[in-house]
Structures are given as C-alpha cells and as structure tokens.
2 protein chains.
Amino acid sequence: MTAPPRLAGVLAPVLTPFGTDLAPDAARLVRLCRWLLAHGCAALAPFGTTSEANSLSVDERERLLDALLDGGIDPGRLMPGTGCCALPDTVRLTAQAVRRGCAGVLMLPPFYYKGVSDDGLFRGFAETIERVGDDRLRVYLYHIPPVAQVGIGPALVERLLRAYPRVIAGMKDSSGDLENTRTMLTGFAKQGFDVFVGSEKFLLANLREGGVGCITATGNVNAAAIDRLFREWRSPEAERLQEAVNGIRGAIEKVPVIPALKAIVAHHAADPAWATVRPPLVALAPAAREALLADLAALGFAMPGLRG
Amino acid sequence: MTAPPRLAGVLAPVLTPFGTDLAPDAARLVRLCRWLLAHGCAALAPFGTTSEANSLSVDERERLLDALLDGGIDPGRLMPGTGCCALPDTVRLTAQAVRRGCAGVLMLPPFYYKGVSDDGLFRGFAETIERVGDDRLRVYLYHIPPVAQVGIGPALVERLLRAYPRVIAGMKDSSGDLENTRTMLTGFAKQGFDVFVGSEKFLLANLREGGVGCITATGNVNAAAIDRLFREWRSPEAERLQEAVNGIRGAIEKVPVIPALKAIVAHHAADPAWATVRPPLVALAPAAREALLADLAALGFAMPGLRG
C-alpha cells in the first residue's frame with residue numbers, strides 16, 4: 001500500500017449548501033468544491049466548523065462525502081472532518097474516509113463533556129484509530145478551543161505521536177494564538193507533524209516557522225489570494241500579500257463568519273439559496289449583507305467563474 | 001387525545017451500561033430502570049448528561065429507548081433526552097419519544113457553536129417542534145451552561161412559551177445557580193412551566209418557591225432518600241432530610257461524578273462491568289473507588305435489592 005500524499009497549502013472547510021427545506025444539496029456542494037480546487041485550494045476539508053458539520057446527521061455527512069467522490073473530486077485532495085461526540089460516529093465517518101482513499105481526516109475531540117482529562121481524550125483517539133484499523137489512516141488533530149472548548153494540548157500530541165507515529169499526521173490549530181502554534185511547531189514539526197493554522201492571518205508566520213499551510217473559513221471565497229501568499233511567502237511581496245488577505249478577512253469578520261461566507265457565495269454564484277444556514281445559526285439580515293458586499297467590492301473582491 | 005401526565009418528584013438521568021467492548025447493554029439498563037422506579041424515582045430521564053447520551057450514536061439511543069419500552073417501562077414515566085447538535089437527530093429522537101407515548105422529552109440546545117443568538121436557538125426549537133408536529137409533545141428545556149456552554153435564558157423561554165404554550169412544559173435547570181432557578185420560577189411557574197433543579201442540593205429551595213422536583217445524577221443511587229425529602233418537604237424534618245442527601249452527594253462529588261456513580265452501581269449490583277465508561281470519560285482508579293465506597297459506607301449508604 002502506498003502512503004497517501006501529504007497535504008500542504010490552502011484548504012477550505014467547505015460550506016454546506018442547504019435547500020430552503022434545510023436539506024443538504026450535494027450537487028451544489030460538488031460544484032463549489034470543483035471551483036475551489038480550480039481557484040487556489042490545494043485540498044478541501046469538508047465537514048469542518050465552517051461547513052456546519054455538527055449540524056448535520058452522520059447519515060447526511062456520509063452521503064455528502066460519497067457524493068463528492070462519486071462526483072469526481074480527487075480523494076487525495078480531501079481531509080474531511082470526522083470527529084464527533086460519540087465514538088461510533090467518529091469511527092464510522094473515519095472508516096468511510098479511509099476506505100474511499102481520502103488523504104487524511106480532520107478530527108475534533110469529543111466536545112460535549114468539559115474539563116475531561118488527557119487520559120480520556122487519548123482513549124478516544126486511540127480507540128478510534130484501533131477500530132478503524134487501517135494503515136492508510138492519517139489523522140489531523142483539530143484544536144479549536146474557542147468553539148469546542150475541549151482542546152488538544154502538547155502533552156496529548158506527544159503521547160499520540162508516540163503511540164501512533166504514522167497515523168498522527170498533523171494539526172489544524174484554530175486557537176488563534178500564535179504562541180500555541182509555535183509550541184506545536186517547535187515540539188513536533190521535525191517528526192513530520194504538519195501544522196496548519198486555522199486562519200490566513202497567521203499563514204506567513206506559520207510558514208516562516210515550519211508550518212505547511214492553513215485551513216481557513218475564508219478559503220471558501222478568497223483561496224486564490226491566500227494561495228498566492230502560500231506560494232510566494234519567501235518573496236519580498238509576502239508582507240503585502242499578507243496584508244491584502246487580512247483586509248478581505250477583516251471585512252468578513254465584522255459579521256458572523258459562516259452566514260457572511262454563505263451570503264458572499266450566494267451573491268457571486270447568483271444563487272440566493274446558498275445563503276441558507278441551519279439552526280442554531282441565522283442568515284445575515286439584508287442590511288448587513290449589503291454592507292458586507294459593498295465593503296468587499298471596494299476592496300476589489302471577486303469570485304470569477306463561480307456563476308453558472 | 002388525552003394530555004400526557006405531568007411529571008414531578010425525583011427523576012434519574014439513568015446511567016448507560018456498557019460491555020467491556022463499550023457497546024450499550026439494554027438488558028442491564030432495563031434492570032436498573034425497574035429498580036429505580038421501585039426505589040424512589042417518580043420517573044426517569046434516560047439519555048441525559050449522566051447517561052453519557054452524547055457519547056452514544058442516534059441509532060444506539062433509538063434502540064435503547066425501544067428496549068426500555070419493550071421491556072415494560074411505563075412511557076408515562078419517561079422523559080428521554082433528545083437534544084442533539086444536528087436538527088435531524090433531535091427531530092428523529094423526539095418523534096420516536098412522542099410516538100411511543102413518553103410523558104416528555106428533555107431537550108438540550110444545539111451545543112457545538114458558541115455565542116449563538118436567541119433567534120438561532122428559537123429557530124432550532126421551533127423547527128423541531130414543527131417537524132415533530134404532534135400535540136402530545138411536551139418539551140422540558142435543558143439548561144446546563146457548565147457543560148453545554150450554550151444556555152437557555154428567560155427571554156428565550158418567554159418567546160418559546162408564547163409560541164408553543166402547550167408544548168413547552170418546563171425546564172431542567174442545571175446552572176447550579178439558585179438565582180437563575182428563581183428567575184424561571186417567578187417568571188413562568190404560574191403559566192404551568194414546571195421547574196426541576198439539576199441537583200438535590202437545591203430541591204428544598206426549589207419546592208418552597210414553586211418548583212416541582214429534581215432531575216439529578218445521584219438519583220441513580222440515592223433516589224429513595226431524595227424522594228423522602230420531596231414528599232416531606234413541608235414537615236419539620238425537611239432541613240434534616242436535605243442535609244442527609246447533601247452528605248451523600250458531597251461524598252460522591254469528591255471525584256468525577258459519572259464514573260463514581262457507575263462504580264457505586266457496579267459495587268452494589270455485584271456487577272463489575274457497570275463501571276465501564278465511554279471515552280472521553282475514564283473509570284475511577286481503584287484507590288479512588290475504594291475511598292468513595294468507604295465514605296458512603298460510613299454514611300450508612302445502601303442500595304437494597306439491586307443485586308441479582
């Protein structure tokens with residue numbers, strides 16, 4: 001069995017389109033994925049936080065991943081989110097991803113119970129890895145304490161790397177804390193532990209210190225510019241490229257980010273249904289949406305070729 | 001259609017037994033439920049936080065509820081937990097509970113996204129109620145900010161009661177904050193909104209101010225004594241009964257409560273497999289278990305008739 005390709009660059013946690021009945025729409029998801037892979041995304045991380053993945057049932061997630069692969073998306077460019085609160089759900093989604101040849105999975109810790117021990121979290125990851133039982137499995141640990149509240153610290157990473165050196169492939173660090181990213185890089189990057197930051201704001205710093213890319217919400221709309229920063233980070237232009245992507249992100253972060261991204265896609269795809277979010281999220285109010293689109297237009301923002 | 005019976009008194013969020021392979025064991029669950037209903041529990045709230053419900057798949061929860069009812073547990077004495085992160089999961093579990101005649105359901109808000117608006121939470125509850133679409137549905141809102149982080153405040157309760165006055169039946173308040181319980185009681189008890197506290201520590205206070213009972217982790221092991229307090233809360237003995245149940249709870253709360261309760265049941269049922277918990281929890285270490293059992297023995301604690 002050949003080792004799966006290592007992922008690097010800009011990944012989008014792909015938005016999940018819903019119909020007005022709140023059912024997921026696989027066809028529109030495949031279209032967005034194709035567009036993203038052609039416009040700056042090295043790979044895709046469907047079923048992340050930005051994808052409203054935890055607002056989807058396990059059946060829905062399984063069907064959508066099948067639809068992506070049946071729709072021709074290269075599994076070597078996929079890192080689907082598979083970490084759930086319940087062990088059987090995490091095992092089921094992870095096994096499907098490996099069986100279908102995905103390059104890796106992005107794994108949240110079980111996030112309902114708070115203040116759990118590293119022993120308990122280790123047990124959860126280990127039990128999942130053992131039950132999936134496939135040499136091809138590559139796990140990227142998903143550290144996002146602002147949302148999951150349950151984090152993945154360096155002691156746990158060290159223990160997992162010791163137990164499963166081939167399986168534990170890296171981390172998405174969405175702590176928003178560059179010091180935490182540095183701890184992961186200095187501690188583990190030399191062992192082949194690939195660190196992605198969770199925002200392009202930290203992309204240049206991450207690449208300079210040994211990281212491999214970013215998995216970022218705004219990769220859904222601005223991947224080409226972020227990818228240019230990724231490719232040219234050693235050039236004299238790097239700081240300017242970083243500032244440019246920060247400007248776009250700043251405009252989007254003025255409002256709730258997931259509804260904002262869906263409003264942007266709805267506008268540029270000329271497909272209003274894209275704005276639909278599942279509860280507990282709510283769509284942007286019309287005034288907020290118009291202000292956001294105007295801010296982005298003033299920054300020269302565009303999504304060429306998304307329409308149709 | 002007759003209105004379902006109103007619930008009051010002591011409810012246990014029933015522990016979920018696992019085999020050593022971590023699979024749920026329906027037969028042992030039915031046995032514990034029968035014992036609890038015969039030893040102080042007015043009703044049962046399976047699939048709560050103490051039940052490790054969010055560590056179970058939706059399929060597992062559905063099968064276990066079917067097993068309880070097929071095993072002869074009276075649905076009029078059941079308030080299963082049904083609130084999940086994903087709307088279709090909440091709808092599916094709630095519809096099953098109503099279809100099978102359960103007296104009510106205990107509903108967590110979707111708990112993955114943090115800092116969500118009351119608009120978004122209202123939308124989640126309303127969409128669930130509309131999709132279930134059954135007059136017999138009675139929803140008890142589950143407010144447990146220390147764990148879920150996402151809470152259910154008075155403005156949201158008021159809005160839900162206005163929109164669904166027959167469906168919204170009450171709350172389990174696990175805030176651990178008696179002031180919050182008072183806000184709910186003074187605001188809504190007169191409209192028939194039944195407030196259960198999430199710990200027997202607050203039972204006497206809750207009953208004195210218009211509440212109807214408690215849904216408490218320790219109801220799994222000490223329901224008879226808590227029920228005596230419930231029945232005799234107007235007697236001169238009430239303060240002493242409150243102190244006695246507080247003493248037992250204090251001994252248990254010295255260690256993580258769910259593993260502690262499972263260790264207690266394992267010991268008194270002479271069934272060591274009961275101690276098994278799913279990740280991310282871990283079982284008590286032997287020394288902690290022995291200390292706990294000794295503390296309880298010193299307080300005269302027993303679970304008569306649980307063995308065999």
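Predicted model: local features only at pLDDT ≥ 70, side-chain atom pairs only at ≥ 80, totals over all residues.
B:Arg240 counts as partly exposed, at 43% relative accessibility. The scale runs from buried (under 20% relative accessible area) through partly exposed (in between) to exposed (over 50%), with a 1.4 Å probe and protein chains only. B:Glu237 counts as partly exposed too, at 32% relative accessibility. B:Glu237 and B:Arg240 form a salt bridge, and their closest N and O atoms are 2.7 Å apart. A salt bridge is a side-chain nitrogen of Lys or Arg within 4 Å of a carboxyl oxygen of Asp or Glu.

Residues are numbered from 1 along each chain as its sequence is written, and chains are lettered from A and ligands numbered from 1 in the order in which they are written.

## Salt bridges

Over all chains, the structure holds 48 salt bridges. One lies between A:Arg162 and A:Glu158, at 3.8 Å from N to O. Both residues belong to helix α6 (residues 154-163) of chain A, where they are four residues apart, about one turn of the helix. Helices (H or I, at least four residues) and strands (E, at least two) are DSSP runs, numbered from the N terminus.

In chain B, B:Asp119 forms a salt bridge with B:Arg159, with 2.7 Å between the closest N and O atoms. B:Asp119 sits in helix α4 (residues 118-132) of chain B and B:Arg159 in helix α6 of chain B, so this pair ties together parts that are 40 residues apart in sequence. The table gives the accessibility of the residues in these two pairs.

| Residue | Relative accessibility | Class |
|---|---|---|
| A:Arg162 | 59% | exposed |
| A:Glu158 | 44% | partly exposed |
| B:Asp119 | 43% | partly exposed |
| B:Arg159 | 29% | partly exposed |

## Helix pairs in chain B

Helix α9 (residues 219-231) of chain B and helix α10 (residues 238-252) of chain B have axes that come within 9 Å and cross at roughly 160°. Axes are lines fitted to C-alpha atoms, for helices over the stretch in contact, and angles run from 0 to 180 degrees between N-to-C directions. α9(B) and α10(B) are therefore roughly antiparallel to each other. For such angles, under 35 degrees counts as roughly parallel, over 145 as roughly antiparallel, 65 to 115 as roughly perpendicular and the rest as oblique.

On the α9(B) side the contact includes B:Val221, B:Ala225 and B:Leu229, and on the α10(B) side it includes B:Leu241, B:Val245 and B:Ile252. Contact means heavy atoms within 4.5 Å. By class, the contact of α9(B) with α10(B) has nine nonpolar, two polar and two charged residues. Ala, Val, Leu, Ile, Met, Phe, Trp, Tyr, Cys and Pro count as nonpolar, Asp, Glu, Lys and Arg as charged, and the others, Gly among them, as polar.

B:Gly219 is found in helix α9 of chain B and is buried, with a relative accessible area of 0%. Beyond its neighbours within four places in sequence, B:Gly219 is in contact with B:Ala12, B:Leu36, B:Cys41 and B:Ile226. The C-alpha atoms of B:Gly219 and B:Leu44 are separated by 9.3 Å, although the two residues are 175 residues apart along the chain. B:Gln242 is in helix α10 of chain B and is buried, at 6% relative accessible area. Not counting residues up to four places away in sequence, B:Gln242 touches B:Glu200, B:Lys201, B:Leu203, B:Leu204 and B:Leu229.

A second pair is made by helix α6 (residues 154-163) of chain B and helix α7 (residues 178-188) of chain B, which pack at an angle of about 30° with their axes 11 Å apart. That makes α6(B) roughly parallel to α7(B). From α6(B), B:Pro154, B:Val157, B:Glu158 and B:Leu161 meet B:Thr183, B:Met184 and B:Phe188 of α7(B). The residues of this contact of α6(B) with α7(B) divide into five nonpolar, one polar and one charged.

## Backbone details

Most residues other than glycine have a negative phi, and most peptide bonds are trans. B:Leu22 is not a glycine, yet has a positive phi of about 70°. B:Leu22 lies in the loop between β1 (9-12) and α1 (26-38) of chain B and counts as buried at 5% relative accessibility. B:Gln149, also not a glycine, has a positive phi of about 70°. B:Gln149 is partly exposed, with a relative accessible area of 35%.

A:Pro279 and A:Pro280 are joined by a cis peptide bond with omega about 15°. In chain B, a cis peptide bond joins B:Pro279 and B:Pro280, with omega about 10°.

Notes
Heavy atoms only, no water.
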